[in-house]
Amino acid sequence: MPNANTEYLAGLLARMDLFTPAQVVELIEAARESDLSVTEIVAGEGYAPEEAFLEKLADVMRLPYLRLATREIDQDVLDRLPTKAVFQYSVIPVEFENGALLVASNDPLNAGLVDSLRLAAGGRVKLALSPSVDIAKASKRFYGVGAETVDRMMQDDRFEVGDDESLAKVDVTELDQEASIVKFVNQIIWEAVQQGSTDIHLEPMEEQLRIRYRVDGVLHQAPVPARLIRFQAAIISRIKVMANLDIAEKRMPMDGRIGLRVQGEDIDIRVSTMPTVYGESVSLRLLQRKGEFIGLEDLGFMPRDKELVERCIHRPNGIVLVTGPTGSGKSTSLYAFLHEINKIDRRILTAEEPIEYEMGGINQVLVRPEIGLTFARTLRSFLRQDPDIIMVGEIRDAETAEIAIQASLTGHLVFSTLHTNDASGSFTRLLDMSVEPFLVASAVAGVVAQRLVRRLCPACRKVQTPDISRLQRIGFPMDQLVGSTVYEPSTCEACRMTGFHGRGGIFEVLQVSEAIESLVVARSSAHEIREQAMKEGMQTLRDDGWQKVLSGFTTIEEVLRVTEENLVEEPSEEVATGVL
C-alpha cells in the first residue's frame, strides 16, 4: 500500500473512535499484507462488527450509510450498471440523481473502486456504504439468483441460439465446473439449502421459467433473471444429467435421484419431471441424510399427549400410527419415537422409501418396488430377522396392512404412517383396505394425527387485537383468552421479512380404549370414534392449535390454514343476511 494511502487510512481509523492506537497499527499492518479489504479484516478479526464499522466510517468520510432490506430500487437505476460489475465488485446501484449514480459498497477504501465503477457505468459515480449482507440480499432480490451466471451465458456463443430445440442440443456434460449451466444449477440448489427449503420447483410458463422454493411449508418465488427462459431446456437437461435421466425423453414423466454434499452435509435430492404445455416441469425434494434428530420432548406435545405417546411407544407390541397429509412431519415424528427407544437391547428394523435420515443403531432398508422389494415383501423378511421393533414407512395396501397387524399381534411393536385427515379416520382407512375389524381393534394401540404450523419469529412478532366475534365463530376457547396474549407476524431480517421462522407440530393423540375397540369392531364411523375419543379426553388438532396460539408459538391464521378440513367458519349474521 503506498505511503499516502497508509497515512490516509491511519487518519480515518484514528478519527472513528473505535480502535486503540495499537489496534490502528495492527490494522494498517494487516491491510499491507492481506488481499482482503479493510472492512473484511475489521469484521473477520473481531475488531468491530461490520455494521458499526461502516456506520462510523460513513460518518468520518461524510458518505451516506444505507440499510437496503426494505429499500426499493427502480429498474432504470439497476440497468445503469452492468450485472457483471455488480457481482464482481459486490456493489449495487441505489439511485440516480443530478447526473450521478449512487452505488452502495462495503469497501470504500478500495482505491480503484470508484474509477472501475465509473468506467462500467459510463458516467459519474458516488459511493454510499451498506453492510455486505444487505448488498448480497438486495442483489438477489433485484437481479435474481445466479444473475451473473445468466449474464455470462448471454455472452457465451454456445447459448446464443434462437429456439428451444437448439438450446436442447447444448451438451451440458462437456462444460467444466465453472461453466454457466452447471454453475447456475448449483447456485439454485445452494440457495435452496441456505434458505432451509424442502422442495425446489422449476416451472416453465409462457414467458418465464418460474423457480419456487418451499420454505416452512409455504411456496416462495425465487427472484431469477428475466432472461432465464432462454436457457430453460439446457437447465433441465443439466438436472437430468445429474439424476441419470434420459435427456432425450421429454414426453413422459421420469423420476431420479441426485446425491450432493453441501457444507459437509450429504443431501439426497429426489427428482421428478413432468411434461407440461410449455416444457418439462421439474420438482426437486431435498432430503438431509444425516442431522440432529429431534427428540420426543422437542416435537411440541402438550403434557397429556406426551404421556400418552410415551406409553404407546414403550409398549412391547401393537401398532402406533402417525397420520396426516404429505409434508406434515410424519417421518420426523417416527424418527423421534425411534430415537427415544433406540437401546442396545432392542433390535429395530425399518422399511423406508426413501431413507430420509440415517440413524445409528438401527437397520434401515430402502424399499425398491421396481425390483420387487415392496413394503409387504420387506415386512415378511423382517419377521424372520428376530426384530423387537419394526417401522414401515407407509401402509399403502391391504397386504402390507395385514402383515403389519400380524407382526403386532405376534409380539412386535410396529410404527407406520397413513394418509388420513385425523386420528379417528385411521380405523376406517384400514377397514377400507379389507382388514378384518377385530384385527384392527386388537392391533392398533394408538394414533397420532399431526400438522405443521409456522412458528412466529420471536424477534419481530407483535401483539394482535383479535376480532372477538370471529374467535367465537371458529370455536376459539374464549375462557382461556383472559390473561393471555395473541400475536401476529411482522417483518425483520431474521425471518427473511416473512414473520415466521421454522415450524412446529400440532397434534391429536388417540389412545385405543375398550370403548373404541368396540366401535371399531362394530364398523362405526370415524365421527363416532372421534366423539368417543373426545369424551375420553382427546384434544383435537384444532384445540391443540389454539394452545399453540395462546403460548405465542403461532397465529390463529396458521391454525385455520392447516386444519381447514376440520374448521369451517360460519358467516356472521350480518353477512349472511346481506347487511354489511
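**View 1. Salt bridge between E558 and R561 in helix α23.** In this predicted model, E558 pairs with R561 through a salt bridge in which the closest N and O atoms are 2.8 Å apart. Both residues belong to helix α23, which covers residues 556-562, and a spacing of three residues places them about one turn of the helix from each other. The two partners can be described by their accessibility: E558 is buried, with a relative accessible area of 2%, whereas R561 is partly exposed, with a relative accessible area of 35%. Elsewhere, salt bridges with shared partners join E203, R210 and R212 into one network.

**View 2. Salt bridge between E29 and R32 in helix α2.** The closest N and O atoms of R32 and E29 are 3.0 Å apart, and the two residues form a salt bridge. Because R32 and E29 are three residues apart in helix α2 (residues 21-33), about one helical turn separates them. R32 counts as partly exposed at 43% relative accessibility, and E29 is likewise partly exposed, with a relative accessible area of 36%.

View 3. E191 counts as buried at 8% relative accessibility, while K140, with a relative accessible area of 33%, is partly exposed. In general, side chains of opposite charge can pair when their charged atoms come close. The count of salt bridges in the model comes to 24.

**View 4. Packing of helix α11 against helix α12.** Helix α11 (residues 180-195) and helix α12 (residues 232-242) pack at an angle of about 75°, and their axes are 10 Å apart. Angles of 65 to 115 degrees count as roughly perpendicular, and α11 and α12 are therefore roughly perpendicular to each other. On the α11 side the contact is made by I181, V182, F184, V185, N186 and I189, and on the α12 side by A234, I235, R238, I239 and M242. Sorted by class, the residues of this contact are nine nonpolar, one polar and one charged.

Notes: Residues are numbered from 1 along each chain as its sequence is written. This is a predicted model: local features need pLDDT of at least 70, side-chain atom pairs count only at pLDDT 80 or more; totals for chains, interfaces and linings use all residues. Side-chain values use heavy atoms; hydrogens and water are left out. Axes are lines fitted to C-alpha atoms, for helices over the stretch in contact, and angles run from 0 to 180 degrees between N-to-C directions. Helices (H or I, at least four residues) and strands (E, at least two) are DSSP runs, numbered from the N terminus. Angles under 35 degrees count as roughly parallel, over 145 as roughly antiparallel, 65 to 115 as roughly perpendicular and the rest as oblique. Contact means heavy atoms within 4.5 Å. Ala, Val, Leu, Ile, Met, Phe, Trp, Tyr, Cys and Pro count as nonpolar, Asp, Glu, Lys and Arg as charged, and the others, Gly among them, as polar. A salt bridge is a side-chain nitrogen of Lys or Arg within 4 Å of a carboxyl oxygen of Asp or Glu. Buried means under 20% relative accessible area, exposed over 50%, partly exposed in between (1.4 Å probe, protein chains only).
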